[in-house]
Amino acid sequence: MVEVKLVGLGKRYGPVTAVHKVDLTVRDKEYVTILGPSGCGKTTLIRMIAGIIEPTEGKVFIDGKDMTGVPIEDRYIGYVFQNIALFPHLTVQDNVSYGPRARDMPREDQMRISKRFLDMVKLLDKMGMLPGELCGGEQQKASLARALSSGSKLLLLDEPLSALDSRVRVDLRYELRRLAKELGLTTIHVTHDQEEAQSVSDRIVLMRAGTVVETGTPEELYTRPKRIFTANFIGETNLLDGWVLEIKDGVSVIELRNGGKVKVNQADRPVGDAVVISVRPEFMFPADEGMRATVTSITYMGTYWRVTANTEDEEEVGFDTATLDENLLTIGKEVYLAVNPKTAVLYPRPNDGVQEAIKLE
Amino acid sequence: MFFLFFVILPTIYILSYAITDWGAIEQHVLDDPAMLDLILNAISASFQIAGIVTVIDILAGLPMAWILVRKEFRGKRFLDTLIDMPLAVPTAALGFSSAIFFAVTPESLAAPSFALNAVTSPYLLIILLHVVFSYPYMVRSLSAILVQIDQTYETAGRTLGASALSAARTITLPLFRAGLVTGIILCFARSLSETGGTMIALATMANPGNFATGPTLIGDWKHDLDSNPDLAAPLAFVSILLIILSLLLLVVLKIVIMKVHLPMGRIWPRPERLFSRGWFPKTKDGLAVLFLVVFVLLPSFFIFTYVASATPVSFDYGPFMDSLFYSFVIAAVVTVIDISLGVPLALYIAKNRKGKLPEVLDVLVNVPLIVPTAALGYSLGVFWTGQNIIPTFDALLIILAHVAFTYPLVVRNVAGAVEEVDPSYEETARTLGAKPVQAFRRVLFPMIKGSILAGAIMAFTRSLGETGATQAVVASAVTAPVYIVKLIKSEAFYTAGLACIVLIIVSYVAMLALRYVTNGRRSR
């Protein structure tokens, strides 16, 4: 049983607030990602959990125990660093057995444990090498084995994949989740890569400028984000200004600033209210009627085409199409774009504008 | 070429004396047991002192380096400056100041009653003195490396359950070797070659006996050489021994520290954990600071309290000012030569790291740093007076001697800085159409300007404070530190104190200039 609870946790550096009163509970065996743009305080947060940074306010509880004043080595955590940080003067095996050694386990156990975890990350054959002789992916696997070898049931991953090549990054991502689930670990994973967060997590905590914006499963955050910031940061989206024209049977009709009209299956804003709707590119498509736009570019993306078009008020929108009908879609051609009402999300228009709401800091 | 001919060749020229004049050495040294005894005692004292000083420096310097690099606290910049302070004090002044503070001094000196006034053994006094001026070097070179070691390693160790002390010992320390080598060699060499301060300290204390170190022997004998030409052979012999032993030691130290594997892997979780908590770390930090104050700062600046408390004596500034001016001119000329010839060599070494020749040059540059300056000076004097290639004016000889041991300071500094500059900056300038010279002047030069100036000021203050080499090359020369030695030998303690203070102030102004320049570079 490992449960992590943060209560009003905050960190200030002089006048700068890095993390502002975060409350969060990570349940036993849960894989939680802390996601956010760089500088949002996510690394500060995980470092406070590990005890590397002392919080200026609030508390960290691990298994119900207050960790205030408990030094790093007594928190029994596994921690994987962004810069890998394998001890360069020790062999891979000595690196992995460092934890058992530091905790004064008998020598046979040191060997057995280090071999077990090296086997788990498939590095048994390289255990005699120095870290510098491994490639990036192998290094991070070794450092993962090292973190696990302490026997901790709490795994903290601080941007573990950021320093790796893109292909290795994707492979290792699944490896991380598999190991965490196999060993029944409670995992907190910090990343700025929303795709990575979506593919590994049970739950995502989205942060911005030191505060938690929204928490939810990857699916919730993608399909029904509660904030404009979330809609924009996770995946891609078109954000369009408009007004509620009428509401009928739980469906709002929105008149857009660009002249088009779209329907949204949501009715929590009163008629006449200024709103913003979020539509993902894959849920917007050419139709006989809707908003009028001129195609400006067509890009082949592998499994689909991404088309961008300018609406009448000179706003750029993007949509995806699985088949490219060249009679319908060529650069310079006018199209009418419709929106799937089930997938669009409606927000009240923020007072200081959409750009302010989606700003990263 | 300049480097080889003017620096390396004269430095090791004296070695040839062993071959050409072996007979004289045999006659005056080997067949004279009293003389041989004196020499061997002095040299072994030199090496013992250097060894002990280095060990003390490591033990006291490591915690201090740790505090400076890894801790954040108010007044850190202040502490940082404090450590550099003794560097600004010429060793001649340091020797006088420390001796008054530590040693039992003669009545005529009238040391203030609150001086320690406890040390009677010259051996111990010299150790204490050498710690005073080598400690800052040790702290500086240790912290320079410590800064470069990623703290994540230690943090990683601690997340794995190692206490702060275990992590520092098993992870950071083993990564530290290179820094340790530099620190040890610097301290060892400085202690081994120190002449002026040592002579002054010995002259200041009551009853030094006939205690001597290798360099002070050279200084004394060179002085008497005119009246007693038989001393030439012993002089050469001492110089040769010092040069060979110090070079040998350099090689041995490098090999030992890099190759020998200390059993650092073991972890003793319980006791180390105990020592990582509570009173122990605080006590350790406190002791480190206390050490700095009592054994480094107080002795360095005790001279001020001495002069303030002693009864004033009228002081004829004339001769001292002359000597100070003489020192200044020499230091200035030396610095100019160092810069104009050192920077090109530094560039060459730094840019052609892969080649054989630069590698050899890189090692050779260090030679004058290791060789005791008195031996170096003597060797140089013999070389130039024997060659008849250049007219042997005193000033010219002194300048050449000073260039020999300050030149490496400039080359080291600049080569280090050039290596840290990413070559792609210059390459970018080249792709934008700059000629190589332009690329250097507009791109590289502004980036390494600070280190050139730093090297220059180091060379300047070093030249200003040097006694051993000056005396060894021209016995009759009167530079400021030599003048102070004379004052003390004639028991004019008060005037010597005043002269020291003037010298300190002058050096300190140079030091401030260094700070100003390096800070300016950082803020840009």
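**Exercise 1. Find how strand E15 of chain A pairs with strand E19 of chain A.**

Solution. Strand E15 (residues 284-287) and strand E19 (residues 334-339), both of chain A, pair in the antiparallel sense over four bridges. Strands, like helices, are DSSP runs, numbered from the N terminus; a strand (E) has at least two residues, a helix (H or I) at least four. Two strands pair if DSSP finds at least two bridges between them. Now take one residue pair. Met284(A) stands opposite Val339(A) in E19(A).

A note on the source: this is a predicted model, in which local features need pLDDT of at least 70, side-chain atom pairs count only at pLDDT 80 or more, and totals for chains, interfaces and linings use all residues. Residues are numbered from 1 along each chain as its sequence is written, while chains are lettered from A and ligands numbered from 1 in the order in which they are written.

**Exercise 2. Describe the six-strand sheet of chain A and the way H5(A) packs on it.**

Solution. Start with the order: E6-E7-E8-E3-E9-E10 (chain A), an open sheet with mixed pairing. The edge strands are E6 and strand E10 (211-216) of chain A; each pairs on one side only. Neighbouring strands are turned by 15° against each other on average, direction ignored.

Look at one pair inside the sheet. Strand E3 (residues 31-35) and strand E8 (residues 186-191) of chain A run parallel, joined by five bridges. Leu35(A) has Thr191(A) as its bridge partner in E8(A). Then place the helix. H5(A) packs on the sheet and touches E6 and E7 of chain A; its direction makes about 165° with that of E6(A).

**Exercise 3. Decide whether helix H5 of chain A is largely enclosed or left open.**

Solution. First, the span. Helix H5 (residues 136-148) of chain A has 13 residues and reaches 18 Å from its first C-alpha to its last, close to the 18 Å expected at 1.5 Å a residue. The expected span is 1.5 Å times one less than the number of residues.

Next, the burial. A residue is buried if 20 or more other C-beta atoms, placed from the backbone, lie within 10 Å of its own, exposed if 12 or fewer, and partly exposed in between. In H5(A), 10 of the 13 residues are buried, so the helix is largely enclosed by the rest of the structure. Among them are Gln139(A), Lys141(A), Leu144(A) and Arg146(A).

Last, the cover. It includes strand E6 (78-80), helix H4 (107-120), strand E7 (154-158) and helix H6 (166-182) of chain A.

**Exercise 4. Sum up chain B and its largest nonpolar core.**

Solution. Chain B has 23 helices and zero strands. Of its 524 residues, 47% are buried. A nonpolar core is a set of buried Ala, Val, Leu, Ile, Met, Phe, Trp, Tyr and Cys residues joined through C-beta atoms within 7 Å. The largest one has 139 residues, and Phe96(B), Leu125(B), Ile200(B), Val414(B) and Ile484(B) touch the most other members. Helix H18 (residues 394-420) of chain B gives the most to this core, with 16 residues.

Note on methods:
Contact = placed C-beta atoms within 7 Å. Axes fitted to C-alpha atoms, helices over the stretch in contact; angles between N-to-C directions.
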